[in-house]
Every structure is written in structure tokens, then in C-alpha cells.
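Colleague: I would like to learn how to read charged pairs in a model. Could we go through them one at a time?

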Amino acid sequence: MNKISLVLLTKDSDYANYFSNFLISSNLKEKFSSKIFTEIDTFKESTRNKKQHILLTDMIIDHESSVTFDKIITLSEEQISKTHDSIASIYKYQPFHELMSQVLAMYYEMNGKLGSVMNGKETDSVISFYSGNGGVGKTILSLCLAKHLSFKEKRVFYLSSGRIT
């Protein structure tokens, strides 16, 4: 399976350290290849003319630096996330596992299909369930669908972004 290339560009070195430690200690290190930058000049030099999948940043970058990324997500210090001008925004200070779940969802939603990321084929698709209310059956419905598809010998990847308490 190909890894998703993730680049973090932040002016906050403490955040960069926490982010790096999270990726190293989580099971997401198998899913992502990551680069972390706190200086814009080093970022520009390292990513110039190299195709990348995702850029997470709290900095403003020029168009030349952004064209090498499939998806740019700004890290906002406000809890209300916005999407405008095809640039998504997510809350920077949420738990990292939730942040990474949102990043993956945004990336997969943009691509429409998992094929190019998972196996190079264009036959896979993403099915997601969402509701603002709890207890309406999202989890059981998604698990039943995953089980049904696996019995039909389909490849299934189940990702839950629910809170773990």
C-alpha cells in the first residue's frame, strides 16, 4: 500500500514536536510519510517540484509552493472550520487522532475514490455515514455494511472517527 505524503508547515515549533511525537507513536506511521517544517525557506526548498498529497499549515504560502500539493488544509485557531476557495480549514488544537481522521476524510472526499491511494485501481469508492445526532445508528449501519461487503469478497476498510473515552 502506498503511503500518503503529509507535510506540516507551522510556525509553532511546540506544535510540530507534538505532531511528530503523535505520528511516531500512533499506528498512523504506516499510513503516512510525513515531513515537518517550521521555516518557510526550508519548506520551499524541500518541496519544490515534488508532488505531495497533503499540506497542513497555519502559514500563508504563495501559489508556486502550493501547486505541488493535491490538498491544502489550513490549521485554524478557531473551532469553527470553514471551507472557501477550495481550501479547507480545521481546528488546530483538537486531539490529534480526530484531526488526522478529518484530514483523511477531506483527502479521500477530494479524490472521490481510494483507488489511487490504496492500490492504483479506480474501482474502490468511499462510503461514509454522518449525522449531527448521536444514537441514530451510524456505527451499526456502517459495521453491518462492512460485514456484508466482506462476505461478498469485497475489500473493506473501516475508519471510525468516534471519540474514545
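Modeller: Start with one residue. At 28% relative accessibility, Lys44 counts as partly exposed. Keep in mind that this is a predicted model.

Colleague: Which residue forms a salt bridge with Lys44?

Modeller: The general idea is that side chains of opposite charge can pair when their charged atoms come close. Here the partner of Lys44 is Asp62, and the closest N and O atoms are 3.1 Å apart. Asp62 is partly exposed too, at a relative accessible area of 33%.

Colleague: Where do Asp62 and Lys44 lie?

Modeller: Lys44 belongs to helix α2 (residues 40-47), and Asp62 to the loop between β3 (52-57) and α3 (63-66).

Colleague: How many salt bridges does the structure hold?

Modeller: It holds three. Another of them joins the side chains of Lys51 and Asp70, at 3.1 Å from N to O. Lys51 sits in the loop between α2 and β3, while Asp70 is in strand β4 (residues 69-76), so this pair ties together parts 19 residues apart in sequence.

Colleague: Which residue forms a salt bridge with Lys92?

Modeller: That is Asp58, with the closest N and O atoms 2.7 Å apart. The pair links distant parts of the chain, 34 residues apart: Lys92 is in the loop between β6 (87-91) and α4 (96-111), and Asp58 is in the loop between β3 and α3. The two side chains are also joined by a polar contact of 2.7 Å.

Colleague: Why does Lys92 count as buried?

Modeller: Buried means under 20% relative accessible area. Lys92 counts as buried because its relative accessibility is 2%. Asp58 is buried as well. Leaving aside neighbours within four places in sequence, the contacts of Lys92 include Thr10, Tyr15, Leu75 and Leu99.

Colleague: Where in the chain is confidence lowest, and where is it highest?

Modeller: Look at the mean first, then at the parts. The mean pLDDT of the protein chain is 82, and 83% of its residues reach 70 or more. Confidence is lowest in helix α5 (residues 115-118), at a mean of 44, and highest in strand β1 (residues 4-9), at 94. Over residues 113-122 the pLDDT is below 50, and this stretch has 24 contacts in the model beyond near neighbours in sequence.

Definitions and conventions: Residues are numbered from 1 along each chain as its sequence is written. This is a predicted model: local features need pLDDT of at least 70, side-chain atom pairs count only at pLDDT 80 or more; totals for chains, interfaces and linings use all residues. Side-chain values use heavy atoms; hydrogens and water are left out. pLDDT is the predictor's confidence in each residue, from 0 to 100. Helices (H or I, at least four residues) and strands (E, at least two) are DSSP runs, numbered from the N terminus. Contact means heavy atoms within 4.5 Å. A salt bridge is a side-chain nitrogen of Lys or Arg within 4 Å of a carboxyl oxygen of Asp or Glu. Buried means under 20% relative accessible area, exposed over 50%, partly exposed in between (1.4 Å probe, protein chains only). A polar contact is a pair of N or O atoms within 3.5 Å; within protein, one must be able to donate a hydrogen and the other to accept it, and residues adjacent in sequence count only if both atoms are side-chain atoms.
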